[in-house]
Amino acid sequence: MSIGTQLINLFAAVLLLLAFAMLAQRRVVSLIDLFAGQGLVLALSTAVVAYTTSQPHLYQSVALTVILKVFLLPWILHRLARKLDVRWEFEGLVNTPTTMLIGIVLVVFAFNLALPISEIASTINRSTLGIAIASVMLSFLMMIVRRKAIPQVIGFLSMENGLFFAATSATYGMPMVVELGIALDVLVGMLILGVFFFQIREQFDSLDLKHLEQLRDEQLARRAPPGLEDLAKPDRELPPETTR
Amino acid sequence: MLGALASQILQVAVALALAPLLVGWVDQCRAWLSNRRAPSILLPYRTIHKLFVKDAVVADNASPLFRLAPYVVFGAMACAAAIVPSLGTALPFGTAADTIALVGLFALARVFIALAAMDIGTAFGTLGARREMFIGFLAEPALLMVLFTASLISGSTSLPTIVDTLAHGPLGIYPSLAFAGVAFTMVSLAENARVPIDNPATHLELTMIHEAMLLEYSARHLALLEWASALKLFNYSCIGLALFVPFGVASGANALAILGAAPVLIAKLAVGGALLALIETLSAKLRIFRAPEFLATAFLLAVLAMLVKLLLGA
């Protein structure tokens with residue numbers, strides 16, 4: 001095995017490890033740092049692929065990844081977390097060891113899924129496709145088990161990281177137009193979601209998404225048990241403006 | 001054959017002699033790191049000697065099992081020292097027992113010490129035994145997975161063969177071995193009653209696990225158990241060194257090569273012991289109910305190591 005392939009394999013393994021670390025991490029600030037780390041490893045791995053296969057267009061996506069996923073998005077997320085004053089998220093829907101075990105099952109599934117595909121592919125890093133699919137699934141799992149809005153958005157962003165990695169390992173990356181489009185989408189999506197966070201919090205005093213399930217119209221609210229009525233009232237008192 | 005037998009005997013002797021020294025070294029490093037005056041590095045030898053010359057006291061209602069347990073535990077650890085290639089890989093014992101048997105030996109020692117702790121019927125002993133089994137049943141699968149990863153890489157479950165393959169194979173980056181290394185460190189911390197899970201320096205706390213089981217023992221029985229736990233630490237260190245830093249282990253029964261391997265082993269153990277002391281100083285003891293999370297992480301890393309090995313072939 002050449003040193004390039006070995007490095008790519010190493011970065012892929014670190015990526016998988018980071019995906020699990022994000023699944024286990026409960027502090028929002030550390031979660032954002034892990035996301036930035038994931039972006040960095042992704043960029044390094046893509047750079048190695050670009051160097052070993054001499055594909056200059058991949059360097060552009062490396063630069064894009066570094067700017068967007070290592071600096072810009074984590075910076076926006078850090079600002080949001082500070083403004084919204086979220087530091088901790090307590091136990092998700094499933095406790096951490098169980099989440100980890102579900103994660104292992106997903107990894108086994110993803111590896112099996114990737115095996116026939118990577119046999120067809122002719123790239124030098126085709127064996128890492130399984131890890132790419134696994135990290136997409138782990139991010140998906142993170143979005144499912146987390147209750148708060150910010151970790152769910154980080155899960156969404158890291159899913160995009162996984163997809164990017166999958167594209168690099170299966171076909172040496174997507175065309176530049178597509179890549180730019182996705183990058184812009186992610187950035188705009190992040191900004192819109194940032195505004196959305198404030199809306200959610202103004203409406204419910206919390207970023208816990210389980211409150212969203214209790215939205216109902218007037219008619220349903222009248223039929224609901226008395227305990228739930230105050231939660232369903234549409235005109236709740238808004239929190240003071242000072243936090244904005 | 002005779003040379004192999006001699007190297008086998010020499011290796012067990014070295015393990016028996018050096019194990020208390022390793023414990024002394026770790027204690028010394030811990031004291032330095034926490035800005036205390038360090039005890040002598042020879043303190044464990046003096047403790048064991050002191051305990052051997054004292055008269056043994058055994059509780060009235062102790063069954064023969066209570067007297068038997070220290071010998072069984074010590075014997076199991078000495079056997080394990082014969083299987084783990086610390087100096088050379090020419091071990092006649094190594095072909096008789098593979099890594100799975102090694103895990104079994106550790107389990108045998110654990111079961112006996114837990115039974116003996118429950119034998120007297122005191123609250124502390126029972127509590128310690130239950131916690132020890134609780135930690136053990138979580139740590140054992142992770143340890144097996146780590147050893148299976150190494151076996152997958154080298155194609156054999158026999159430790160000497162694994163070490164030969166890893167030490168003389170082509171140099172390369174093995175992400176799977178890196179994961180397995182972290183998992184193994186976590187498992188050995190838990191199995192050797194080290195800080196994140198248990199505190200080896202406490203006798204008077206409700207949180208103790210290993211010490212709670214030894215409370216009823218005195219004199220020569222206690223000496224054997226202390227020596228056995230030092231041997232356990234030595235064995236785990238040697239397994240870790242053999243799997244993850246296998247360089248410098250003699251591959252034949254050549255007397256010169258084995259003598260040359262001894263200083264390398266001592267140097268590696270000194271670095272490993274200092275790292276262990278560093279980990280212990282930097283981490284806080286976990287609540288017992290946090291232990292499953294810690295060991296689940298170790299298990300996860302070990303399984304990931306195996307999966308990564310299967311997917312990437314490295």
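Colleague: Why are helix 1 of chain B and helix 10 of chain B called roughly perpendicular to each other?

Modeller: In this predicted model, helix 1 (residues 2-33) of chain B and helix 10 (residues 219-244) of chain B pack at an angle of about 90 degrees. Angles of 65 to 115 degrees count as roughly perpendicular, and the two helices are therefore given that name. Their axes are 8 Å apart.

Colleague: What makes the contact between them, and how do its residues divide by class?

Modeller: Helix 1 of chain B brings A15(B), L16(B), L18(B), A19(B), P20(B), L22(B) and V23(B). From helix 10 of chain B come W227(B), A230(B), L231(B), L233(B), F234(B) and S237(B). By class there are 12 nonpolar residues, one polar and no charged ones.

Colleague: Why is helix 3 of chain A said to be roughly parallel to helix 7 of chain A?

Modeller: The axes of helix 3 (residues 56-84) of chain A and helix 7 (residues 176-204) of chain A cross at roughly 0 degrees. Angles under 35 degrees count as roughly parallel, so the term applies to this pair. The axes come within 11 Å.

Colleague: Which residues meet there, and how many are charged?

Modeller: Helix 3 of chain A contributes residues including L64(A), L68(A), L72(A) and K83(A). Those in helix 7 of chain A include E179(A), L187(A), F197(A) and R201(A). The contact divides into 17 nonpolar, three polar and three charged residues.

Colleague: What makes E293(B) and R26(A) a salt bridge?

Modeller: Their side chains meet with N to O at 3.4 Å. The cut-off is 4 Å between a side-chain nitrogen of Lys or Arg and a carboxyl oxygen of Asp or Glu, so the pair qualifies. The count between chain B and chain A is one salt bridge.

Colleague: Which parts of chain B make up the side that touches chain A?

Modeller: Helix 8 (175-191) and helix 12 (291-312) of chain B each supply at least two residues. The largest share, 11 residues, comes from helix 12 of chain B. By class, this side of chain B has 15 nonpolar, two polar and two charged residues.

Colleague: How many residues are in contact, and what area is buried?

Modeller: In chain B 19 residues are in contact with 24 residues of chain A. The chains bury about 1800 Å² between them, 83% of it on carbon and sulfur atoms. I173(B), L311(B) and L312(B) supply 35% of the area that chain B buries there, more than any other three residues.

Colleague: Why is E191(B) with R110(B) said to tie together separate parts of chain B?

Modeller: The closest N and O atoms of this salt bridge are 2.8 Å apart. E191(B) lies in helix 8 of chain B and R110(B) in helix 5 (residues 99-119) of chain B, so the pair links parts 81 residues apart in sequence. Over all chains the structure holds eight salt bridges.

Technical notes. Residues are numbered from 1 along each chain as its sequence is written. Chains are lettered from A and ligands numbered from 1 in the order in which they are written. This is a predicted model: local features need pLDDT of at least 70, side-chain atom pairs count only at pLDDT 80 or more; totals for chains, interfaces and linings use all residues. Side-chain values use heavy atoms; hydrogens and water are left out. Axes are lines fitted to C-alpha atoms, for helices over the stretch in contact, and angles run from 0 to 180 degrees between N-to-C directions. Helices (H or I, at least four residues) and strands (E, at least two) are DSSP runs, numbered from the N terminus. Angles under 35 degrees count as roughly parallel, over 145 as roughly antiparallel, 65 to 115 as roughly perpendicular and the rest as oblique. Contact means heavy atoms within 4.5 Å. Ala, Val, Leu, Ile, Met, Phe, Trp, Tyr, Cys and Pro count as nonpolar, Asp, Glu, Lys and Arg as charged, and the others, Gly among them, as polar. Buried area is the accessible area (1.4 Å probe) that two parts lose on being put together, summed over both.
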